[in-house]
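Me: I want to know what stands behind the labels used for this model. Please set each value against its cut-off.

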Amino acid sequence: PQLPGAGKDLRLIKNILVNSQASIYKQSKFHQFENPTVDQVRQAILDYVNSISAHGDILLFYFSGHGCIIGDNHFGFCLTDTRLNAESGFVVPLSVLGFREVVQTLSAFDVHPVFIIDACFSGATARAIPTIGALMDHELYMQVAGSYGLLCSSNADTASIDTNTGGVFTKALCSIVSEGLSDRQQRHWPFITLRGLSSPLQERLAQEGSSLSKCYIVGPDLPEIPIAKNVSFKPQSVYFS
């Protein structure tokens, strides 16, 4: 079924990344795809990896929409041409974009991906990431690199909440960035990072009575990824006497 809030989520994310006082990214670096097909997203990823000029690039990949579980309990992105089996009602695996495929493709070009996913079952993405747990099979561990960031809206077996004004997860995330981090410690952070966003996001979702997000930071080589400026930043004062 159509998700009334997915388009709103895209506009919210675009606002905090490139269109607000907190934004740190250039408009030219932001590429959006609204209601794309599986082939359109695959081609966009291929075009990206073929255009990079250096190893160690960082890709911030945001997705809002339907998610599903395919194969041996791995996550799939459902796009507009995803098909269902008429008899069983299950998703046809060949008609979705497998998260594992995306990870392996980016790894082949030494790209550090950071995924922010607002979709049902999005916590299942952790199964494709090395060192997260026994769910990881040895073959994939040998194929992919070791630095990833994941911020997911739900567990591997739970749904995400969508509303007419956007997904609960994305709205909470964007509200935190717009307001900035102002507690005693975080107000001294000039930027809001993926790690720094995780705890306030959990607290906000808990206060709203929503399902808590899942955050995974994997690999010592993953740098602190700035999502936006901290609009509540206050430099720490040091007094000499």
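Me: At what angle do the axes of helix 2 and helix 3 cross?

Reply: Roughly 15°, and the axes of helix 2 (residues 38-51) and helix 3 (residues 99-108) come within 10 Å. Axes are lines fitted to C-alpha atoms, for helices over the stretch in contact, and angles run from 0 to 180 degrees between N-to-C directions. The model is predicted: local features need pLDDT of at least 70, side-chain atom pairs count only at pLDDT 80 or more, and totals for chains, interfaces and linings use all residues. Residues are numbered from 1 along each chain as its sequence is written, and side-chain values use heavy atoms, with hydrogens and water left out.

Me: Why is helix 2 called roughly parallel to helix 3?

Reply: Angles under 35 degrees count as roughly parallel, over 145 as roughly antiparallel, 65 to 115 as roughly perpendicular and the rest as oblique. The axes cross at roughly 15°. So helix 2 is roughly parallel to helix 3.

Me: Which hand does the crossing of helix 2 and helix 3 have?

Reply: The crossing is right-handed. The term applies if the near helix is turned clockwise from the far one by less than a right angle, and left-handed applies if anticlockwise.

Me: Which residues make the contact of helix 2 and helix 3?

Reply: Helix 2 supplies Arg42, Ile45, Leu46, Tyr48 and Val49, and helix 3 supplies Glu101, Val102, Thr105 and Leu106. Contact means heavy atoms within 4.5 Å. By class there are 6 nonpolar, 1 polar and 2 charged residues. Ala, Val, Leu, Ile, Met, Phe, Trp, Tyr, Cys and Pro count as nonpolar, Asp, Glu, Lys and Arg as charged, and the others, Gly among them, as polar.

Me: What makes helix 1 and helix 5 roughly parallel?

Reply: Their packing angle is about 20°, with the axes 10 Å apart. Helix 1 and helix 5 (residues 168-179) are therefore roughly parallel to each other. Their crossing is left-handed. Asp9, Leu12, Ile13 and Ile16 of helix 1 meet Thr170, Lys171, Leu173, Cys174, Val177 and Ser178 of helix 5. That contact has 6 nonpolar, 2 polar and 2 charged residues.

Me: How do you know whether Ile13 is buried or exposed?

Reply: Buried means under 20% relative accessible area, exposed over 50%, partly exposed in between (1.4 Å probe, protein chains only). Ile13 has 5% relative accessibility, so Ile13 counts as buried. Ile13 sits in helix 1. Beyond its neighbours within four places in sequence, Ile13 is in contact with Tyr62, Thr170, Leu173 and Cys174. Ile13 and Tyr62 are 49 residues apart in sequence, and 8.2 Å apart from C-alpha to C-alpha.

Me: What makes Pro113 buried?

Reply: Its relative accessible area is 0%, so Pro113 is buried. Pro113 belongs to strand 5. Its contacts, not counting residues up to four places away in sequence, are Leu59, Leu106, Ser147, Tyr148 and Gly149.

Me: Why does Ser213 count as buried?

Reply: Ser213 has 2% relative accessibility, so the label is buried. Ser213 lies in the loop between helix 6 (194-207) and strand 10 (214-218).

Me: Where is Ser23, and what does its side chain reach?

Reply: Ser23 is in the loop between helix 1 (6-19) and helix 2. The side chain of Ser23 reaches the backbone nitrogen of Ser20 at 2.9 Å. A polar atom of that side chain also lies 3.2 Å from the backbone nitrogen of Val18. A polar contact is a pair of N or O atoms within 3.5 Å; within protein, one must be able to donate a hydrogen and the other to accept it, and residues adjacent in sequence count only if both atoms are side-chain atoms. At 12% relative accessibility, Ser23 is buried.

Me: Why is Asn35 called exposed, and Asp110 partly exposed?

Reply: Asn35 has a relative accessible area of 60%, so Asn35 is exposed. Asp110 has 37%, so Asp110 is partly exposed. Asn35 is in the loop between helix 1 and helix 2, whereas Asp110 is in the loop between helix 3 and strand 5 (112-118).

Notes: Helix = DSSP H or I, 4+ residues; strand = E, 2+ residues; numbered from the N terminus.
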